Amino acid sequence: MTATAPAAEATVRKSSPGAARGPRRRTGRIRRIGLPYLLLLPALLLELLVHLVPMVIGIVMSFKELTQFYIRDWGTAPWAGFDNYSVSVDFDAPVGKALLHSFLVTVAFTVLSVGLCWLIGTAAAVFMQDTFRGRGLLRALFLVPYALPVYAAVITWVFMFQHDNGLVNHVLHDQLGLTDKPSFWLIGDNSFIALLTVSVWKGWPFAFLIVMAGLQNIPRELYEAAALDGAGMVQQLRRITLPSLRPVNQVLVLVLFLWTFNDFNTPYVLFGKSAPEAADLISVHIYQASFVTWNFGTGSAMSVLLLLFLLVVTGVYLTLTSRGRRTAQ
């Protein structure tokens, strides 16, 4: 009788509702935790398919002697090791010298484009903070270059930069008389100015949009208190606006840098397959090394080197900005 009592109590405990509630709670908790990952699974698989898999294939191709003779079955191309990387970084040889020139042009173009986009966008956003008639319409007009498709916008600039009947030469030479003769904007040294103009025209509305959103989070009471203390507009900009926008500007500059340094559509549509030497951005240079000379191994090695450079610059930038943020706090 006494031996069967614990067994009976265990049977009653198992059959009671409270005993079954524990596993059910555990199962519901697992479902709640696993549901977000299950919902993210399609996006993760698509990301692997679209970005990571081609990236891995490109890295493998950079170690192969892949030319047009092996394009049908690139897996049978001979293994080249680090030869493609050695050719790319040999700055005394023609291939390495051309890559170094393209890299320096891209650095100069990126610094100028990002700086001008940030400067114009910030100035426009600060100007738009004041209430005046037609402000909404002006904001919408400022965002038109960013809203236009890239190809439509750049093709329009191609027609404007034409030598004989372009709008730029018509205004600068025919109407204002600033030049002695019509200039060639799509070839020669002026091609860098044309590329920079299109990039800034297309990119500054994004900076304007981000900075304008960041300005909405700054309390107006700070400006009112500063005005009562006798601070002018320049002092308010230095002491209130720019320090408050530091987190926004850190992200904005990084995004603009990555977009501009990797920009392929703008120079390709503006100049075609062969960009002028003064506007030979590294994205177009890698395209020419891969699809014009049919040396896919060397082009893949250049792409990997570009990826490593961007990773290093991004890591250093994030480290310095996070350290500066902790110091300011």
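## A buried serine

S113 is buried, with a relative accessible area of 0% (buried means under 20% relative accessible area, exposed over 50%, and partly exposed in between, with a 1.4 Å probe and protein chains only). This is a predicted model, in which local features need pLDDT of at least 70 and side-chain atom pairs count only at pLDDT 80 or more, while totals for chains, interfaces and linings use all residues. Residues are numbered from 1 along each chain as its sequence is written, and side-chain values use heavy atoms, with hydrogens and water left out.

You will find S113 in helix α4 (helices, H or I with at least four residues, and strands, E with at least two, are DSSP runs numbered from the N terminus). Setting aside neighbours within four places in sequence, S113 is in contact with L196, S199, V200 and T260 (contact means heavy atoms within 4.5 Å).

## The whole chain

Now let's step back. The protein chain has 15 helices and zero strands. Of its 329 residues, 33% are buried. Among contacts between residues at least 6 apart in sequence, 65% join residues at least 24 apart.

Helix α14 spans residues 282–292 and is mostly covered, with nine of its eleven residues buried. Among them are I282, H285, I286 and Y287. After α14 comes W294, with a positive phi near 60 degrees.

The structure holds 23 aromatic pairs (rings of Phe, Tyr and Trp, with its six-membered ring, pair if their centres lie within 6.5 Å; planes under 30 degrees apart count as stacked, over 60 as edge-to-face and the rest as tilted). One of these joins W294 and F296 edge-to-face, at 5.9 Å centre to centre and 80 degrees between the planes. W294 is partly exposed, with a relative accessible area of 40%, whereas F296 is buried at 8%. Ring pairs also link F264, Y268, Y287, F291, W294 and F296 into a cluster.

The largest pocket holds about 720 Å³ of space (a pocket is an open set of points on a 1 Å grid over the protein atoms alone, where a 1.4 Å probe fits, with protein on both sides within 12 Å along at least five of seven lines; lining residues have an atom within 4 Å of a point). Its volume is the space filled by probe spheres set on the points, which are joined across faces, edges and corners. Of its 21 lining residues, I286, S303, V304, L306 and L307 lie nearest the centre. Helices α2 (17–61), α14 and α15 (296–328) each give two or more residues to this lining, and α15 has the largest share, with eight. The lining has 13 nonpolar, eight polar and no charged residues (Ala, Val, Leu, Ile, Met, Phe, Trp, Tyr, Cys and Pro count as nonpolar, Asp, Glu, Lys and Arg as charged, and the others, Gly among them, as polar).

The second largest pocket has a volume of about 440 Å³. Its lining has 17 residues, with V126, Y223, M233, L237 and T241 closest to the centre.
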